[in-house]
Amino acid sequence: MKDLTFDFLKVTEQAALASFPWIGSGDKIKADGAATNAMRDCLNGIEFDGRIVIGEGELDHAPMLFIGENVGTGSGQKVDIAVDPIEGTNSIVNGQDNAFAVIAAAPQGTLLHAPDMYMEKLVAGPQAAGKIDLDASLTENVYSVAKANNKNVKDMKILIQNRKRHEKAIAEIRNLGAKVHLFNDGDITYAIATCMKNQDFDLFYGIGGAPEGVVAAVAVKCLGGEMQARLLPQNDQEGKRCLEMGIKDPEKTLRHEDLVNSDQCVFSATGITGNILLDEIKLDEEMQSVTHSLLLTGENRQVRFITSKHVNKDMVLS
């Protein structure tokens, strides 16, 4: 996987650049389509035998790199891919923060192969790795992570997406005296934030998309944190699809090794609009695009923030 690390960086850079003209456009399908096509074209130019094992698109009928799609030249090492050409599509088309292109990769057979469906997620940083348990109550997890992080419960900061489905969890945490930090979109960003010391967040909890969950699991692994999850089939059809993909018990608790079972993993994200980790795409004085990316590798836990300048060819709407 090491020799492909910067290839995957180029993939997210190109997807981000392709979507840049659609910021504020209001056209979600066109924005997603531009990023998806750029990502697919770039992946297909890499000498490897890749397969999309989980991807974004089915839940919201957006353009997608579909689950089971083969990418790359078909020769070289075999790789599992988890992908979201634009994480935060609504953010980009509304001109709001926290939109980025993202991909995660690991050797064949080591990433969770699952449908695009809802997933319950729990994430803690390196200091609390081994101290979370999705089968326990949220209250128990808050106390456990507080102890691991040498904090009083009242000083704990828990990240939760601002959704009606999380109202009970939010009330439970606040009743403990802990602090809830709500965010609107982009749960990959905030799962990663629990593993970044400069962000000072202790725990992430929420229900969101499974593709984002697998992508986040790779990033968290690269950073030494821990993630647990549980698929949440909403109907018999989704349960059947899980079984067809080899998931015998769709509602069992997934430990981190069930989500990504290799240290030879790579995560790349490139900002489109800005967030707490990444800067937005900017134009310099020569009208060249400048991107800001986060590149993580699991084997050596290398963290790279990379600024790149790109010569603009024909950055126009199409």
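**Exercise 1. The two domains**

Task: Find how much area is buried between domain 1 and domain 2, and which atoms give it.

Solution. 
- Step 1. About 2200 Å² is buried between domain 1 and domain 2, and carbon and sulfur atoms give 72% of that area. Buried area is the accessible area (1.4 Å probe) that two parts lose on being put together, summed over both.
- Step 2. Note the kind of model. This is a predicted model, in which local features need pLDDT of at least 70, side-chain atom pairs count only at pLDDT 80 or more, and totals for chains, interfaces and linings use all residues. Residues are numbered from 1 along each chain as its sequence is written, and side-chain values use heavy atoms, with hydrogens and water left out.
- Step 3. Domain 1 covers 2–108 + 265–310, and domain 2 covers 118–259. These bounds come from an automatic or database domain assignment.
- Step 4. Domain 1 puts 27 residues into it, and domain 2 puts in 24 residues. Contact means heavy atoms within 4.5 Å.
- Step 5. Take the distance. The centres of the two domains, taken over C-alpha atoms, are 23 Å apart.

**Exercise 2. Polar links across the interface**

Task: State how many residue pairs are in polar contact across the interface of domain 1 and domain 2. Then name the strand that gives the most to the domain 1 side.

Solution. 
- Step 1. Use the rule. A polar contact is a pair of N or O atoms within 3.5 Å; within protein, one must be able to donate a hydrogen and the other to accept it, and residues adjacent in sequence count only if both atoms are side-chain atoms.
- Step 2. Between domain 1 and domain 2 there are 0 salt bridges. A salt bridge is a side-chain nitrogen of Lys or Arg within 4 Å of a carboxyl oxygen of Asp or Glu.
- Step 3. The polar contact rule finds 5 residue pairs across the interface, both residues at pLDDT 80 or more.
- Step 4. Look at the strands. Several supply at least two residues each to the side of domain 1 that touches domain 2, including E1 (49–55), E3 (78–87) and E4 (99–107). E3 gives the most, with 4 residues. Helices (H or I, at least four residues) and strands (E, at least two) are DSSP runs, numbered from the N terminus.

**Exercise 3. Annotated binding sites**

Task: Are Glu87 and Asp185 buried or partly exposed?

Solution. 
- Step 1. Learn the cut-offs. Buried means under 20% relative accessible area, exposed over 50%, partly exposed in between (1.4 Å probe, protein chains only).
- Step 2. Read the record. UniProt, in an unreviewed entry, lists Asp84, Glu87 and Glu212 for "binding site". They are spread over 129 residues of sequence but cluster in space, with a largest C-alpha distance of 8.0 Å. UniProt positions use the numbering used here, feature names are shortened, and annotations may be inferred rather than shown by experiment.
- Step 3. Glu87 lies in strand E3. Its relative accessible area is 5%, so Glu87 is buried. Leaving out residues up to four places away in sequence, Glu87 touches, among others, Gly186, Asp187 and Glu212.
- Step 4. Glu212 sits in helix H7 (residues 210–222). At 10% relative accessible area, Glu212 is buried too.
- Step 5. Another UniProt "binding site" listing in the unreviewed entry includes Thr89 and Asp185. Asp185 has 23% relative accessibility, so it counts as partly exposed. It lies in the loop between strand E7 (179–183) and helix H6 (187–193).
- Step 6. Thr89 is in helix H3 (residues 89–93). Thr89 is buried, at 8%. Beyond its neighbours within four places in sequence, Thr89 contacts Lys28 and Asp32.

**Exercise 4. Salt bridges**

Task: How many salt bridges does the rule count, and which residues form a network?

Solution. 
- Step 1. The count comes to 15 salt bridges.
- Step 2. One joins the side chains of Asp187 and Lys121, at 2.8 Å, N to O. Asp187 is in helix H6 and Lys121 in strand E5, 66 residues apart.
- Step 3. Check burial. Lys121 is buried at 2%, and Asp187 is buried at 8%.
- Step 4. Asp135 pairs with Arg230, the closest N and O atoms being 3.0 Å apart. Asp135 lies in the loop between E5 and helix H4 (138–148) and Arg230 in strand E9 (residues 226–231), so this pair ties together parts 95 residues apart in sequence.
- Step 5. Glu120, Asp133, Asp135, Arg230 and Arg255 form the network of salt bridges.
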